[in-house]
Each structure stands twice: as structure tokens, then as C-alpha cells.
Amino acid sequence: NSGCMQLHNGLKIPNHIALIPDGNRRWSKERGMPVWKGHWEGGETLDKFFDWCIEFGIPNVSIWAGSTENLSIRSKREVSELFKVYQHFLERWEKKESILDEYQVKVRFVGDLGKLPKPLINIIGRIMEKTAKYQKRFFNILINYGGKFELLSAMKKLAETFVKIGKIEITEKDIEKHLMVPIPVDLVIRTGGTARLSNFMMWQASYAELIFLNKLWPDFTKRDLKKCLKEYSNRKRNFGK
């Protein structure tokens, strides 16, 4: 169900937008602050981004809130601050119940979640449970996530299923069904001036349009999102043809 027939003020709206919010640490360093200060600022921007996506009518949004690599190689202090940031903003989101209800947003958390602290796992469970019934918009938050980890998980599930039923042939549809986010991505936005995907949604983003911005994530604005949507609207998509 990829596609972008929906229009908003003359803009083509992607069915699924994926975000790599890069540059929080550099934002802090430029200001002589501890690196985690940028994560707090980035959290504020992310909170607004959620509202902007609702305003523009984007049905599926995936946000990379932390990679498997991030959480294993960063300092203990930074990782514990990062967990505090997640906890703070998820508590805020839990209170946004009226917005989640009004726009029927199903919030899903994707990644190796078992390695997260218990209080975080608890709030993630509560938010997913509260929004499970909604089918209108989908908001995926990717924490302790990597594209290879996702594909490996999908292959393991497939192997288990196929061993049980004795099936040999694997189709693309079979793989898609077992992905953590089974919807193709139409547009990837990455801030922070780096032009690469870095092991992010490799299957889903295989035909996505890519936009790389030189802006650091805490400085990203609604105007920047609008510019990205405008750029996307002007591109001709080929889907590998």
C-alpha cells in the first residue's frame, strides 16, 4: 500500500515517511554543552515533528530513535541520559491521549526492546496497548533498532514457520509479512549532513526517495518538513524501472 495520491495544499503526501534525526551530539558540541543536552533538544523537536506529521496528514511515520550500535558503543552516562529522554517524552506522549484518540494513531515500538530498562519497557507496553485498536495512522518508533537486526529476525521467524509446514520457497511477500514495519517507505529524511542510510530500514527503503539535509536535528523546523514534502512532490518515482 505504498503511494502518495493524498494531497495537502498542493503537496503530494507520502504514504510512509521515515526519519533519521541525526546531529544531536554535534549540536551540543558546537555549543560547548555535554552531548546529552542535544538529545533533550532533539526530543523537543521530535515531539513537534509528531504534530506536524498529523497536520500534513502523513498516514505512516517511522522514526529512528536509537540504533543497536548507538546503545552499545556510547558511554554509560550518555546511554543513561538517552533513556531518561525516552522516558520523559514517552510520559508526555502518554498524556497526549486526546491527540492519539482524535487522530486514531497506533503507536508501535520496534527493535530489540528487551534490552531497554524496565520502566521504559513498561511505558512502551502501556502506549502500545492503549493505541492498539487504531488503524488510521501508524507511528513507529525504532529503538535499539538496526536494518540487519530486523531482516535477521524476519528470516528466523520465516525459518521456524517453514520448518513446521515443510515449505521451501520464500517469496518477497513472505519476508515483508515478517518485518517489524511491513510498509514500504516512500521518503527518507536524514538531517545532520550525512548522505547514507546507515543500516536503516534497508528492505522498506529500497525504492524510497532520499533527502539529506545539512541541518542538525534540534534545528529542524516545520518549514524544513514542508520543503522536504515539496521536493518529494516534484520528484518522479521510478521504483527501479
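**Notebook: a helix pair and some aromatic rings**

I looked up helix α2 (residues 35-56) against helix α4 (residues 76-95): they pack at about 25°, and their axes are 10 Å apart. The model I am working from is predicted. I noted the crossing of α2 past α4 as right-handed.

Next I listed the contact residues. From α2 I have Val35, Trp36, His39, Trp40, Gly43, Glu44, Asp47 and Phe50. They meet Arg77, Glu78, Glu81, Leu82, Lys84, Val85, His88, Phe89, Arg92 and Trp93 of α4. I sorted the residues of this contact into eight nonpolar, three polar and seven charged.

I then searched the whole structure for aromatic pairs and found twelve. One of them is Trp64 with Tyr145: the ring centres are 6.2 Å apart and the planes stand at 85°, so I put the pair down as edge-to-face. Trp64 is in strand β4 (residues 60-67) and Tyr145 in strand β6 (residues 137-145), so this pair ties together parts 81 residues apart in sequence. I checked burial too: Trp64 has 9% relative accessibility and counts as buried, and Tyr145 is buried at 1%.

Tyr145 also pairs with Phe200, with centres 6.4 Å apart and planes at 80°, so that pair is edge-to-face. Phe200 sits in the loop between β7 (187-190) and β8 (209-212), so its pairing with Tyr145 in β6 ties together parts 55 residues apart in sequence. I have Phe200 as buried, with a relative accessible area of 0%.

Last entry: I found Phe49, Trp52, Trp217 and Phe220 linked into a cluster by ring pairs.

Conventions: Residues are numbered from 1 along each chain as its sequence is written. This is a predicted model: local features need pLDDT of at least 70, side-chain atom pairs count only at pLDDT 80 or more; totals for chains, interfaces and linings use all residues. Side-chain values use heavy atoms; hydrogens and water are left out. Axes are lines fitted to C-alpha atoms, for helices over the stretch in contact, and angles run from 0 to 180 degrees between N-to-C directions. Helices (H or I, at least four residues) and strands (E, at least two) are DSSP runs, numbered from the N terminus. A crossing is left-handed if the near helix is turned anticlockwise from the far one by less than a right angle, and right-handed if clockwise. Contact means heavy atoms within 4.5 Å. Ala, Val, Leu, Ile, Met, Phe, Trp, Tyr, Cys and Pro count as nonpolar, Asp, Glu, Lys and Arg as charged, and the others, Gly among them, as polar. Rings of Phe, Tyr and Trp (its six-membered ring) pair if their centres lie within 6.5 Å; planes under 30 degrees apart count as stacked, over 60 as edge-to-face and the rest as tilted. Buried means under 20% relative accessible area, exposed over 50%, partly exposed in between (1.4 Å probe, protein chains only).
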